[in-house]
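Subject: Structure handover

Hello,

Here is the structure for you to look over. My notes follow below it.

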Amino acid sequence: MKDSLNNLEKILAHIRTREEQGRMQEAVGMLERVVHQPAAFEKIIGSRVPEHCAQALRSAFENEALKEGPERLKEFLGTLKKSIGAMRLLTLDVAFSPSEKDIDAINTWVADNVGSDIVLDFAQDEAIGGGAKIMFEGKYIEKTLNQKIEKVFEKERERILQIIS
């Protein structure tokens, strides 16, 4: 059982975004349907699982505890599917489309500072200018360039009007 939890944690740690979460849930659902056909596993993993998640999934299937038979494997897949679905969502509205490097950096920071059971959902909003709008567990934080500029204008409104008039 300890090995199964370790395998689950390793797999979940590789799921970075909401899109990857959806792809993994879909793949695990497909694996559940072919639990009696282990030869089909590699085809599903190779075609449906994000590349950086595939090795963790393969390692889990190589685990001795999962070789006990189809029922044990089906139990593990069911637990994995529930765990993937239970991951918490952190939404980031940013001015750019994040690269893989950006996603890795943000995911690492979030895992280290907030928790490893979190998936990122990026939305691109060029009006932000810079920074981000962050939504997590019902909380909203705006740390954007536009927000900072608006605060400066609010605070310095009279002085700015005198200068430009």
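Helix α5 (residues 70-85) has 16 residues, which should span 22 Å at 1.5 Å a residue; its end C-alpha atoms are 22 Å apart, so the two agree. The expected span is 1.5 Å times one less than the number of residues. Helices (H or I, at least four residues) and strands (E, at least two) are DSSP runs, numbered from the N terminus.

This is a predicted model: local features need pLDDT of at least 70, side-chain atom pairs count only at pLDDT 80 or more, and totals for chains, interfaces and linings use all residues. Residues are numbered from 1 along each chain as its sequence is written, and side-chain values use heavy atoms, without hydrogens and water.

Back to α5. Its buried residues include Arg72, Leu73, Phe76 and Ile84. Buried means under 20% relative accessible area (1.4 Å probe, protein chains only).

Now the strands. Two strands pair if DSSP finds at least two bridges between them. β3 (residues 131-136) and β4 (residues 139-144) pair in the antiparallel sense over six bridges. Phe136 has Lys139 of β4 as its bridge partner, and Met135 stands opposite Tyr140.

Best wishes

Note on methods. Buried < 20%, exposed > 50% of the residue type's maximum accessible area, 1.4 Å probe, protein only.
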